[in-house]
Amino acid sequence: MNTLNLSSILKIIHRTTNNLSEDRKDHGIRVAYLMYRALQVCTPLADAEYRAILRTAFVHEIGAHEPQNDATLAYYLARNYAPYPEQASMLLNHRAETPNFRFVHRSQLSIAQLFSVADRLDDLLQAGIWNGYDLFSRFDAQRGTVYTDEVIDCIFENGIHLLADEFRHDAAFQTLIFGGEDEPTTAHAYLSALVAAMDFQSEKTAARRAVRTAFCECMAPLFALGDDRRDLLLQAATICDIGAYGLSPLLHEYGYRNSTKENALLQAHVDSALRILDGLVSAELSELVACHHEHPNGTGYPRGLTGDQLSGEAHILSLAGDLSELYCGTATNPERALRISIPKRSTAGSADADLAQRVTPHIEKMVRYAEKLSEQVLEQYRDLLLSTVALKTKIHRYHQQKPVSMPLVADKNPVVVRPVHRTETLTPQHSRQSGASRPATTIASL
């Protein structure tokens with residue numbers, strides 16, 4: 001039972017980015033809609049081409065928890081994870097006051113300019129600037145040097161700048177974004193991009209997520225979980241902290257704090273996760289996410305449930321979460337620390353005691369698997385961090401230069417690279433780039 005299909009994953013991304021800021025609510029989908037209406041007037045495309053362009057614009061806020069790096073982070077997430085990497089370069093001018101299209105391939109120039117105008121235009125609209133002349137004058141000043149005449153005229157002569165809020169009532173547009181053929185590889189690609197963005201919040205966040213997932217994967221066979229139940233458990237382990245996306249990096253880095261205010265903020269992420277997932281996933285998956293910080297002795301949050309109120313999968317997820325905190329903490333010997341902590345966590349005769357009894361003999365194997373998986377995830381995190389910083393520095397250096405007067409002879413029919421149909425299987429743990437260089441670690445390979 002795969003409750004995370006393509007439509008639900010895209011809507012989860014939408015709600016997650018909305019959760020970051022009330023000032024930019026629906027920004028991604030509004031930008032995509034402005035582009036859609038402009039393309040309808042100027043260059044009608046096939047549905048597959050629309051989807052590649054509009055979905056890339058729709059999810060471009062996925063890196064917005066890092067305001068200083070969101071353009072380069074969004075670019076790398078789109079290039080390495082999302083299913084339309086050929087559209088990624090249009091994201092590099094995200095939020096740039098003076099966009100520089102040096103890094104955009106000629107075939108993508110018109111689309112990149114259209115995205116830049118739509119993105120900046122919606123920022124102005126959401127800031128309360130509705131006067132048509134004021135909006136037009138801001139872009140008209142860059143006509144012929146930054147933007148082509150065709151892009152500016154397409155937006156303003158056709159009144160596209162007045163249509164941003166109509167996305168809610170345009171069924172054809174909604175179908176292009178959320179509908180269409182639900183290819184598993186496309187869904188996995190967007191899930192991988194979301195998980196990578198969550199991991200990028202801090203190195204410890206990435207490690208905890210990887211270790212929690214590894215422990216869940218190791219414990220599932222010990223309780224003879226069927227494929228459906230195992231998949232449900234791993235999905236919950238992957239996305240249970242989605243409500244913490246965008247919280248202070250210090251909370252991610254050091255976990256629980258002594259401050260009552262900080263603890264309340266951290267604990268509120270469970271409710272936030274449930275609001276994001278509401279109506280998009282099965283009730284079973286939502287319940288697992290709701291229980292991932294509960295404890296059998298009733299000291300967990302948010303509901304203080306006890307052992308007999310938790311399902312078998314919830315017991316596993318809760319234990320995996322506790323063990324991942326311990327594993328990623330200060331213990332010099334994680335295996336020994338886990339052997340000591342598991343019996344202390346359970347009460348004699350309880351379901352959790354049975355869990356501890358089954359898990360203890362397999363701790364060595366669990367730790368080995370967690371080490372390999374977390375090593376892969378942290379290598380991916382560091383590669384992404386270094387690439388983002390290097391590209392940001394390069395772009396900043398070019399932006400300090402006087403804008404180049406480009407030979408902006410726009411194509412009457414902008415060339416759009418058709419999406420490549422990829423067949424490889426993507427998992428939330430591995431990007432397309434990293435997966436090509438090394439085989440994925442599995443329990444069976446240990």
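**Figure 1. Phenylalanine 156 in the predicted model.** In this predicted model, phenylalanine 156 has a relative accessible area of 12% and is buried, because the limit for that class is under 20%. Phenylalanine 156 forms an aromatic pair with phenylalanine 139; the ring centres are 5.8 Å apart, the angle between the planes is 45°, and the pair is tilted. Helix H6 (residues 132–140) contains phenylalanine 139 and helix H7 (residues 149–156) contains phenylalanine 156, so this pair ties together parts that are 17 residues apart in sequence.

**Figure 2. Phenylalanine 139 and tyrosine 147.** The count of aromatic pairs in the structure comes to twelve. In the pair formed by phenylalanine 139 and tyrosine 147, the ring centres are 6.2 Å apart and the planes stand at 55°, so the pair is tilted. Both phenylalanine 139 and tyrosine 147 are buried; for phenylalanine 139 the relative accessibility is 0%. Ring pairs join Phe139 and Tyr147 with Phe101, Phe136 and Phe156 in a cluster.

**Figure 3. Lysine 11 and the ring of phenylalanine 178.** This view shows a charge placed over an aromatic ring. The charged end of lysine 11 lies 5.2 Å from the centre of the ring of phenylalanine 178 and sits over that ring.

Figure 4. Asparagine 18 belongs to helix H1, which spans residues 6–18. With a relative accessibility of 13%, asparagine 18 counts as buried, since buried residues are those under 20%. A polar atom of the asparagine 18 side chain lies 2.7 Å from the backbone nitrogen of aspartate 26. When neighbours within four places in sequence are left aside, the residues in contact with asparagine 18 are Arg24, Lys25 and Asp26.

**Figure 5. The second largest cavity and its lining.** The structure holds five cavities of 30 Å³ or more. The second largest cavity, shown here, has a volume of about 50 Å³. The residues that line this cavity are Val59, His60, Ile62, Ala74, Leu77, Ala78, Ala82, Leu91, Tyr190 and Ala193. At least two lining residues come from each of helix H4 (70–80) and helix H9 (184–199). Helix H4 provides the largest share of the lining of the second largest cavity, with three residues.

Key. Residues numbered from 1 in each chain as written. Predicted model: local features only at pLDDT ≥ 70, side-chain atom pairs only at ≥ 80, totals over all residues. Heavy atoms only, no water. Phe/Tyr/Trp six-rings, centres within 6.5 Å; stacked < 30°, edge-to-face > 60°. Buried < 20%, exposed > 50% of the residue type's maximum accessible area, 1.4 Å probe, protein only. Helix = DSSP H or I, 4+ residues; strand = E, 2+ residues; numbered from the N terminus. Lys NZ or Arg CZ within 6 Å of the ring centre and 35° of its normal. Polar contact = N/O pair within 3.5 Å; in protein donor to acceptor, adjacent residues only side chain to side chain. Contact = heavy atoms within 4.5 Å. 1 Å grid on protein atoms, 1.4 Å probe; cavity = no way out; pocket = protein on both sides within 12 Å on 5 of 7 lines; lining within 4 Å. Points joined across faces, edges and corners; volume = space filled by probe spheres on them.
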